[in-house]
Amino acid sequence: MNLLPVAVIVCLLAGLTAPLFYRFVGSRVGRLLALLPLILFISFFRLVPEVARGQAFQWSRPWIPVLGVEFSFSLDGLSLLFALLITGIGTLVLYYGASYLGPKEDHGKFFAYMMIFMAAMLGVVTANNLVLLFLFWEMTSFSSFLLIGFWHDRDASRYGALKALLVTGMGGLCMMAGLIFVFVVLGSVDLREVLAGSDALRAHGAYPAILVLFLLAAFTKSAQAPFHLWLPNAMEAPTPVSAYLHSAAMVKAGIYLVARMSPVLGGTALWTALVGGVGIITLVLGSYLALRQTDLKAILAFSTVSQLGLIIALLGWGTPLAVTAAVFHTLNHSVFKAALFMGVGIVDHQTGTRDIERLGGLAKGMPLTALAMGLAALALAGVPPFNGFVSKEMFFEAALRQSEAAASTFGLLWPVLAVLGSVLTFVYSLILSHRLFFAKGGPELKETPTDPGPGLIAPPIVLGGLALLFGLAPGMAGRTVVLPGAAAVLGGDPGIHLALWHGINAPLLLSSAVIAGGLILYRQLPVLLRIVHGVPGRINVNAVYDWAVDALVIYSERVTQRMMTGFTRDYFAWFQWFFLGIIILGAAAVGGISLNNLDLAPVTWYEGLLALTALAGGLALLWLRTRMAAIVALGMTGFALVAFFVVFRAPDLAMTLLIVESATVILVLLAFIHLPRLREEVTRPPAARANALVSIGSGLAVTMLMLGALAFPAGESVLARYFLQNSRELAGGYNVVNVILVDFRGFDTMGEITVLGLAAMGVYMLLNLRARKRQQ
Amino acid sequence: MNSIILQTVARVALYVLLILAAFLLFAGHNAPGGGFIAGLLAAAAFILQMLAFDLEYVAKLFPVNPLGVVATGLILAAGVGFVPMLLGYPFLTSAFTTITVPIIGRGELTSVFFFDLGVFFVVVGAMMTVIKEMASDNSYHSRVDEMREVVKEDSELWKR
């Protein structure tokens, strides 16, 4: 099944080359790139019948076989639903974004970030290996950072981008810790094997830790309370980005993770309490906070928080009905929330403001926008016959069953909170539709805003139409993607029939109550808003975040200032102390260095002479007071070592060291003019004593280490024997040293040359920056 | 520095050193040598030119951006690692075969040679970057006098 890696790679390549395209085709780049997710959408869609029959597609290549890490992708019902959302809504967002961005904006950079983000998201939902999933997960954090901070000249954008990165990045690290735990417990990070070992995992003592770590990752990504703080600040992104990140992509990655891990970690009381509890609290908190906002995008931001809470709560309950509802609502929320974001983007684009206080009665000039946003808002409110109504009915039913199944009267909280959240949702949905487009009020804008061109208006209308279609014919979406998706989570057919009309039953009564209550509250909106704004003393997680970030900066500054004195000798002392500590700890761990088998050859006179020369060079450094002489003395030590290598028949090392010594002397001479003059510094006695201690100590430590290595019987080294025996057989080379460097330990060399390249870049930048500073 | 002897020697030595570097690069798999030494030697050959002539002369001999050479080397080395992955083997798996070339004779052709070539490029590029940037810092000429002064003061300090 090559489509899976190809989809990720092609999106990534498109992202990397987008700036190049932009140079050739100009601002058409967005529309052209929109074809790519469209093609992928169609390719994925063609797999629907097979996946619906329960077939899963696989593709894998080994990566780090020792650790069980593979480039392994798989596509089941759940992955397919998310892949369709990512590519489908991605197509519309790219098309919309091409018109949204002004001609002066850098389209190349924007679409590059978008495509990289899309590649990362596709990777997250199709990865079949936890390590690979984690990598793509981090890639979404990183690319969303770039997207949110796209207008990087604005303070608020940078603040929002950093906040999103820190919060979701922290979650990513938790996930890494979680997957390491999983690997320790099960010895595998392959999702299929993890699924097979889920019973062992749940019975293990580390289960609560694993669960909490994975949930932290999902909750930070999906903006669940109290980690919802990054999402409103992420609204600083251009609106197409918000429409994508906060409907179908970024935040849905957390949903995907919870759904994906629920057969592995779910089904316990702890899972239901944590996931269900956090979800339902987020639902109420988000809808309440949405009411407090006046910025349209902020309303949508908190609305996203609250709707995600709804889905998370459903996944927490974990019954077949709840999971099906969760999957269905994931689809529905992506559709109507993307439409709403796009609509708000249009309002912002055409009127120049997003402040609800200043807007009203826009339907006269913007009937199409009103239509698109009206459809989407009614779906969000859960009004029949829209898709949001169907999934919300299922939500109510699941909540009622959950409360029946609960042992205590606390179970009653589920439906109560569900209804409370839904009523508040209903009210702000009307603010987004009725008040914005039909209510009178708000100061008159200079000119009547009109509908924009098709590039902006077509995508939200398509999505609004889909919201209606999925509501009228829920079975259509159900059979194709929703039920296979739920089946993938549940491990079997959920046995649920999606329908608009279930007859008169308790959920329908709750829905009617929500609509009636919402209408009454909306009529008394000024009173409601006064009450909402009047609630004092809410816990402000933003203050905690700001305090933590400030404290982090201050304390790292203190540590840095203590260590980074600007004197090379101090850094050197730090290194030596650390080195000494490692040696002592290491020696203690293996029970001391044994010198019993020491079998030393007699020292010949010329070896002694060379040693004395090297020693003399080193000692001379202590008393020399000019730099030139010091360089010569250092060179003396170096060349004496070269002679040693020659004597001991190590031509490789001798040759390398000889050239290194020559080049170093020349480099130091070149660096001469950049260095300040040598000064006499007075070192205080305690510091001098410490220096003496560490230098004598590390000298002794190295000597002991060398003697210890010599005492180790040469024939017993497994590694040496392996390399000597296999160098010719496995790598086709007789020079074992070189074969080790480029073949057996090629990965190390790879790292070393990377460091070397970075060092060269560092020198380049430091010298050029300094030159530029001097010019100013 | 403007020594005619040094310049004459350096001119010839450049080719000798570069040929030696190439030899070390190719020989590395079976005899002392390898990308790292070869790279250092090649860079040293250019450093010698800089000492004998000046930076402009080196720039003419080495007319590419040294950081670009570093990047080429890194991409080459990483590319050698990724090719086996496309064929379904782990990262950096090597392959070799024995071939017989007329005149030169039997030899091994191994995929890690290209990895070694990458190492070579990175070393040469990094060294050349450092040398070029240090020597071409635009305050270089203005600070040469200052440097002379420092050296003079140092030597006075030395006499005391």
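This briefing covers the aromatic ring contacts of the structure and the charged side chains placed over rings. The model is predicted. A total of 21 aromatic pairs is found over all chains. A pair of aromatic rings is described by the distance of the centres and the angle of the planes.

**Phe82(A) and Tyr256(A)**
- The rings of Phe82(A) and Tyr256(A) make an edge-to-face pair, with centres 5.3 Å apart and planes at 80°.
- Because Phe82(A) belongs to helix α4 (residues 77-100) and Tyr256(A) to helix α13 (residues 250-265), both of chain A, this pair ties together parts that are 174 residues apart in sequence.
- Both Phe82(A) and Tyr256(A) are buried.

- Phe110(A) has 0% relative accessibility, and buried means under 20%, so Phe110(A) counts as buried.
- Phe111(A) likewise counts as buried because its relative accessibility is 0%.
- One aromatic cluster is formed by Phe110(A), Phe111(A), Tyr113(A), Phe150(A) and Trp151(A).

**Charges over rings**
- Arg31(A) places its charged end over the ring of Tyr95(A), at 5.0 Å from the ring centre.
- Over the face of Trp137(A) lies Lys221(A), 5.0 Å from the centre of the ring.
- For both contacts the distance cut-off is 6 Å from the ring centre, applied to NZ of Lys or CZ of Arg.

Technical notes:
Residues numbered from 1 in each chain as written. Chains lettered and ligands numbered in written order. Predicted model: local features only at pLDDT ≥ 70, side-chain atom pairs only at ≥ 80, totals over all residues. Heavy atoms only, no water. Phe/Tyr/Trp six-rings, centres within 6.5 Å; stacked < 30°, edge-to-face > 60°. Helix = DSSP H or I, 4+ residues; strand = E, 2+ residues; numbered from the N terminus. Buried < 20%, exposed > 50% of the residue type's maximum accessible area, 1.4 Å probe, protein only. Lys NZ or Arg CZ within 6 Å of the ring centre and 35° of its normal.
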